[in-house]
Amino acid sequence: HHTGTGATGGGINWIGYLTTADNASLVLSYNLAIGGATIDNAILNSGYPDMTGQVATFQGNYSSKPASAPWCAADSVFGFWIGINE
């Protein structure tokens, strides 16, 4: 379970909220989002790992469906949020 960098107000971000608050079942969440990141640091370097890197992290660590992330198409949701999300 990973909840990203959180919200600027100090709380959990939206994926952390959706997978923990008001949820009594086991839900694994892998949130690779980084607050302040841009789409591609080659275009505009924000000083944070960019979305391109976040996708590469997914591909390198989770796309092969390792035992630590046993996902399948029938029970998974993948999403991208670009822009202000608080």
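Start by colouring the aromatic side chains: five aromatic pairs come out of the count, where rings of Phe, Tyr and Trp (its six-membered ring) pair if their centres lie within 6.5 Å. Planes under 30 degrees apart count as stacked, over 60 as edge-to-face and the rest as tilted. This is a predicted model, in which local features need pLDDT of at least 70, side-chain atom pairs count only at pLDDT 80 or more, and totals for chains, interfaces and linings use all residues. Residues are numbered from 1 along each chain as its sequence is written, and side-chain values use heavy atoms, with hydrogens and water left out.

**First stop: F58 and its partners**

Select F58 and W71. Their rings make a tilted pair, with 6.3 Å centre to centre and 40 degrees between the planes. This pair links distant parts of the chain, since F58 belongs to helix α2 and W71 to the segment after α2, 13 residues apart. F58 counts as partly exposed at 23% relative accessibility, and W71 is likewise partly exposed at 22%. The cut-offs here are under 20% relative accessible area for buried and over 50% for exposed, with partly exposed in between (1.4 Å probe, protein chains only).

To see the whole group, show Y30, F58, Y62, W71 and F78, which form one aromatic cluster.

**Second stop: K65**

Keep W71 on screen and select K65, which lies over the face of W71 at 4.7 Å from the ring centre. The rule asks for NZ of Lys or CZ of Arg within 6 Å of the ring centre and within 35 degrees of the ring normal. K65 is found in the segment after α2 and is partly exposed, with a relative accessible area of 42%. Check its backbone too: phi of K65 is near 60 degrees, a positive value in a residue other than glycine. Most residues other than glycine have a negative phi.

Move to M51 in helix α2. Is this residue buried or exposed? M51 counts as buried, at 16% relative accessibility. Leaving out residues up to four places away in sequence, M51 touches T38, I39, F80, W81 and I82, with contact meaning heavy atoms within 4.5 Å. The C-alpha atoms of M51 and T38 are separated by 6.3 Å, and the two residues are 13 apart along the chain.

W81 sits in the segment after α2 (51–61).

**Last stop: the whole chain**

Zoom out and switch to cartoon. The chain has two helices and two strands, running β-α-β-α from the N terminus on. Helices (H or I, at least four residues) and strands (E, at least two) are DSSP runs, numbered from the N terminus. Of the 86 residues in the chain, 13% are buried.
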